[in-house]
Amino acid sequence: MKLPPYIIFPVLEGEKVTLREVCDSDIQDLMEISCYDSIPAKNLEEAKEMQERIDKDYEEGNTVHWMIIDNASGKIVGTCGYYRGFENESGELGFILLAGYRGQGFMTAAIQLAIDFGKKDMELKRIWAATNRKNEKCIAVLERLNFIKIAILPDDEIEYDHILPFSKQGD
């Protein structure tokens, strides 16, 4: 497996979005969606501290956290990444969009880039996600990208697994 940290932080470019590293100057724009361990930041100082923790997790090889940029406007629209380590060659995807950009296909495009990177570059054998069962938008994104429900977890959470296509010999 090829896990973080990387010599050069991976930038993933797609037709609709680009995923890149979060910089200190981006924190203000991400304030409303900044969180760590599902706990939202209450102010800019907390958001900065949370990003420092995410950066430390990356340096320890436990996460890859990208900012999502709309290619058409150059605006920050959200974040996504792999969180909580890579035990048993698996990676948990997490993602969140700023409110004004929901329902426009940004997350589907971003998560597809992250899945492709996880499969091809990180060589993950399992890609999964968990969400609250009331989060219909998140569930729709997961199902659109070939995730299937595998478990009901405590606290109204649902766990999904991505169906990784079989590779042909020589791929």
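User: How many disulfides does the count come to?

Analyst: The count comes to 0 disulfides, a disulfide being a pair of cysteine sulfur atoms within 2.5 Å. This is a predicted model, in which local features need pLDDT of at least 70 and side-chain atom pairs count only at pLDDT 80 or more, while totals for chains, interfaces and linings use all residues. Residues are numbered from 1 along each chain as its sequence is written, and side-chain values use heavy atoms, with hydrogens and water left out.

User: What makes Cys-80 buried and Cys-35 partly exposed?

Analyst: Buried means under 20% relative accessible area, exposed over 50%, and partly exposed in between (1.4 Å probe, protein chains only). Cys-80 has 0%, so Cys-80 counts as buried. Cys-35 has 33%, so Cys-35 counts as partly exposed.

User: Is Asp-26 buried or exposed?

Analyst: Asp-26 has a relative accessible area of 6% and is therefore buried. Asp-26 lies in the loop between strand 2 and helix 1 (27-30); helices (H or I, at least four residues) and strands (E, at least two) are DSSP runs, numbered from the N terminus. Leaving aside neighbours within four places in sequence, Asp-26 is in contact (heavy atoms within 4.5 Å) with Arg-20, Glu-21, Met-67 and Ile-76.

User: Why is Arg-53 called partly exposed?

Analyst: Arg-53 has a relative accessible area of 43%, so the label is partly exposed. Arg-53 is placed in helix 2 (residues 44-59). With neighbours within four places in sequence set aside, Arg-53 is in contact with Tyr-36 and Asp-37. Tyr-36 is 17 residues from Arg-53 along the chain, and their C-alpha atoms are separated by 8.1 Å.

User: How do you know that the span of helix 3 agrees with its number of residues?

Analyst: The expected span of a helix is 1.5 Å times one less than its number of residues. Helix 3 (residues 106-121) has 16 residues and should span 22 Å; the end C-alpha atoms are 22 Å apart, so the two agree. The buried residues of helix 3 include Phe-106, Ala-110, Leu-113, Ile-115 and Phe-117.

User: What makes a set of residues a nonpolar core?

Analyst: A nonpolar core is a set of buried Ala, Val, Leu, Ile, Met, Phe, Trp, Tyr and Cys residues joined through side-chain atoms within 4.5 Å. The largest one has 34 residues, of which Leu-19, Trp-66, Ile-68, Tyr-82, Leu-93 and Phe-147 touch the most other members. Among the elements that give two or more residues to this core are strand 5 (64-70), strand 7 (90-97) and helix 3. Helix 3 gives the most, with 8 residues. Apart from this core lies another, of 14 residues, among them Val-22, Met-50, Ile-54 and Ile-76.

User: Which residues does Phe-147 touch?

Analyst: Not counting residues up to four places away in sequence, Phe-147 touches Leu-93, Ile-115, Ile-127, Trp-128, Ala-129, Leu-142, Tyr-160, Asp-161 and His-162.
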